[in-house]
Structures are given as structure tokens and as C-alpha cells.
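Hi everyone, thanks for making the time. I'd like to walk you through one model today, so let's bring it up on the screen.

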Amino acid sequence: MHDGTLATGEIISAHFLEAATSRLGIRCCSLNALNLGLKTNSEFGSAACTEFDLTNISRKLAYNDVIVVAGGQGVSEEQSITMLGRNSSDYTALLLASAVGATHCTIVSDVPGVMSADPYLLPQARTIKSIGFRTMAGVAESGAKVLYGKAVSHAEKFGIEIRCGRFENGEINIYTTIGKESPASIVVVSWIQPITAAPLIHSAPEYSPQNTSAGVR
């Protein structure tokens, strides 16, 4: 019952977006846990995807230009709605991207990409233009809200580049790309309390071939 209740908000939002898009003359439909095709185990609150059946999505794409998906949810073998985790809509996006064989996935939010700190706590936070999968996963697990940790790990597993952007002046501007680790993407994550209660990201002062991953302190 708890997962089904949590999923309601996403489902309603998806229907509202479908209605607004349709009013613009764009053929659109929305899908949710019960008809999306994302099958999970029965670990409610933090379910894992076991299969992504694209049959219904393919059928809908035959006569729609846009499909709005209610994120963060799937359905168990018992046909119960399950949640993939808190704030896991981007995980749904990456699961769908891998299912269709996409090479990249764009995540749009209210901030300009991945930033060195929460801009609502530290206005001087700066944008990180490039960051590696493993480093980003560490940042997400440390408490950063920009991306769901499992989404980043899934993207690394399937080699899907994540592009983080913000909708501005009628278009999506990309600010951060997340991909394979490289010297240019090495950053250091530190935890500062009580000032921010959120991870801070710094450019690595020096690249060492023996240490190509960021440290979390």
C-alpha cells in the first residue's frame, strides 16, 4: 500500500504533463507502473528491475510523438506497484535508455548540471563540466540530490553517457557530462558539516596514474 501511495504523485504529474503537451497539438500519452513494462522484484521501497518489456512502449510510439513516463516505479510479479527508491525518476530514465540501446541520456533539473555544492546552500557553487561515473556515484551516495546513485551505476554498466542540463529560454542547455573516468574528470569529494550538510566537490590538485578515482572524506 505504501509504494502504491507514493507512486500516485508521479502518475498524476504524468497525466497533467500529457494533457498540457496534447493541448500544444503534440500526440502524447502517459504510462505508469501498471502499463510501462518495467518489472521488478518485491522489495518495496527499493525494488530492483528484473525485466523491461518494451512491447507497450513500442505500440504507443506507433501513434504518439511523446511518451511521458511516471518515474521511479515498476510492478512486481504479483502485479503490485513497487518503488525503485526515493527520488529515483532518473533511474527509470537510465533503465529505459539501456533497454532501447541509447548511447546517452539527458537529465533535466532545476540546477545547471552537477555543481560543486548545493547552490541553494552555497550560492558560490560552481558547475562541474565533466565527471566520471564512479566519482559521481560516490557523490550521489554521499548525499548529493542531483542524481540517484543506482542510476549512475546503471549508466556505467551499459556505457550510457549522462548529460545533465537545465531548461532555459525554451531550450535545454547541457552543463555537465558524466562518463568514463579520465584525468580531466577527476574530482575530490569532501563532507563539510554543519555548514552545508552536503558533499563538496573540488577539482583534483594533481593527477596521479596510480590514483584515478576520487576519494570521499
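When I say two residues are in contact, I mean that they have heavy atoms within 4.5 Å of each other. Please also keep in mind that this is a predicted model.

Let's begin with the overall layout. The protein chain has six helices and twelve strands. Of its 217 residues, 41% are buried. If you take the contacts between residues at least 6 apart in sequence, 62% of them join residues at least 24 apart.

Now for the interior. As a general point, nonpolar side chains in soluble globular proteins tend to be buried together. Here, the largest nonpolar core has 29 residues, and Leu94, Met136, Leu147, Ile162 and Ile178 have the most contacts inside it. Which elements give two or more residues to this core? They are helix H4, strand E7 (104-109), helix H5 (133-141), helix H6 (149-158) and strand E9. Another core lies apart from it, with nine residues, including Ile11, Ala14, Ala33 and Ile81.

Let me stay with Leu147 for a moment. Setting aside residues up to four places away in sequence, Leu147 touches Asp90, Ile107, Met136, Ala140, Val152, Ile162, Cys164 and Ile178.

Asp90 brings us to helix H4, which covers residues 89-99. Its buried residues are Asp90, Tyr91, Thr92, Leu94, Leu95, Ala97 and Ser98. Just after H4 comes Gly101, with a positive phi of about 80°.

Next, have a look at strand E9, residues 161-168, where we find Glu168. Is Glu168 buried or exposed? Its relative accessible area is 16%, so Glu168 counts as buried, the cut-off being under 20%. The Glu168 side chain makes a polar contact with the side chain of Arg166, at 2.7 Å. Leaving out neighbours within four places in sequence, Glu168 is in contact with Asn173 and Tyr175.

Last stop: a pocket. The second largest pocket has a volume of about 240 Å³. Which residues line this pocket? They are Leu6, Glu10, Gly45, Gly71, Gly72, Met83, Gly85, Arg86, Asn87, Ser88 and Ser89. Sorted by class, that lining has two nonpolar, seven polar and two charged residues.

That's my tour, and I'm happy to go back to any part of it.

Notes
Residues are numbered from 1 along each chain as its sequence is written. This is a predicted model: local features need pLDDT of at least 70, side-chain atom pairs count only at pLDDT 80 or more; totals for chains, interfaces and linings use all residues. Side-chain values use heavy atoms; hydrogens and water are left out. Buried means under 20% relative accessible area, exposed over 50%, partly exposed in between (1.4 Å probe, protein chains only). Helices (H or I, at least four residues) and strands (E, at least two) are DSSP runs, numbered from the N terminus. A polar contact is a pair of N or O atoms within 3.5 Å; within protein, one must be able to donate a hydrogen and the other to accept it, and residues adjacent in sequence count only if both atoms are side-chain atoms. On a 1 Å grid over the protein atoms alone, a cavity is a set of points where a 1.4 Å probe fits but cannot get out, and a pocket is an open set with protein on both sides within 12 Å along at least five of seven lines; lining residues have an atom within 4 Å of a point. Grid points are joined across faces, edges and corners, and a volume is the space filled by probe spheres set on the points. Ala, Val, Leu, Ile, Met, Phe, Trp, Tyr, Cys and Pro count as nonpolar, Asp, Glu, Lys and Arg as charged, and the others, Gly among them, as polar. A nonpolar core is a set of buried Ala, Val, Leu, Ile, Met, Phe, Trp, Tyr and Cys residues joined through side-chain atoms within 4.5 Å.
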